[in-house]
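Colleague: I have the model open and some questions about it. Can we go through them one by one?

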Amino acid sequence: MSNHNVEMLYDNMQEKIVQDICKDDKLNSLWKEINELDELLKNTISKKDYDVFDEYLSKEAEIIDLERKKAFVYGYKLSNKLIIDSLRE
């Protein structure tokens, strides 16, 4: 399966993957903390500065999403390789 096909598989499953990941208490706790910090920043710095910071966060989110997709592709291919290798033994 090519990288493109595995990425399409991830794209089709992304909503379910994210929903499953979001059940993690540690992640939910971190999201709560980051949302509180975001609200603090919004109320502390100028709108212009906050807009720049918000743009930074948006780009960071894009990077995280791309990393998650690449990690999915890597893990998918690695698991298939390990299964095939174990069958050859």
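Colleague: In which helix does Gln 19 lie, and is Gln 19 buried, exposed or partly exposed?

Modeller: This is a predicted model: local features need pLDDT of at least 70, side-chain atom pairs count only at pLDDT 80 or more, and totals for chains, interfaces and linings use all residues. Residues are numbered from 1 along each chain as its sequence is written, and side-chain values use heavy atoms, with hydrogens and water left out. Gln 19 lies in helix 1; helices (H or I, at least four residues) are DSSP runs numbered from the N terminus. Its relative accessible area is 46%, and buried means under 20%, exposed over 50%, partly exposed in between (1.4 Å probe, protein chains only), so Gln 19 is partly exposed.

Colleague: How far apart in space are Gln 19 and Ile 34, C-alpha to C-alpha?

Modeller: In sequence, 15 residues separate Gln 19 and Ile 34. In space, C-alpha to C-alpha, they are apart by 19 Å.

Colleague: Which helix gives the largest share of the nonpolar patch?

Modeller: The patch covers about 440 Å² and is made by Ile 21, Leu 27, Leu 30, Trp 31 and Ile 34. Patch residues have over 30% relative accessible area and no salt bridge, and nonpolar side chains (Val, Leu, Ile, Met, Phe, Trp, Tyr) are joined within 5 Å. Areas are Shrake-Rupley values with a 1.4 Å probe; for residues, only the protein chains shown count as cover. Four residues, the largest share, come from helix 2.

Colleague: Why does Trp 31 count as exposed, and at what relative accessibility?

Modeller: Trp 31 is found in helix 2. Trp 31 counts as exposed because its relative accessibility is 52%.

Colleague: Which residue forms a salt bridge with Lys 16?

Modeller: A salt bridge is a side-chain nitrogen of Lys or Arg within 4 Å of a carboxyl oxygen of Asp or Glu. The closest N and O atoms here are 3.1 Å apart. The partner of Lys 16 is Asp 20.

Colleague: What is the N to O distance between Asp 20 and Lys 23?

Modeller: Asp 20 is partly exposed at 38%, and Lys 23 is exposed at 61%. Their side chains meet in a salt bridge, N to O, at 3.6 Å.

Colleague: Which residues is Lys 69 in contact with, leaving aside its neighbours within four places in sequence?

Modeller: Lys 69 is found in helix 3 (residues 47–88). Lys 69 is buried, because its relative accessible area is 16%. Contact means heavy atoms within 4.5 Å. With those neighbours left aside, the contacts of Lys 69 are Glu 7, Tyr 10 and Asp 11.

Conventions:
Helix = DSSP H or I, 4+ residues; strand = E, 2+ residues; numbered from the N terminus. Patch = residues over 30% accessible without salt bridge, like charges linked within 9 Å, V, L, I, M, F, W, Y side chains within 5 Å.
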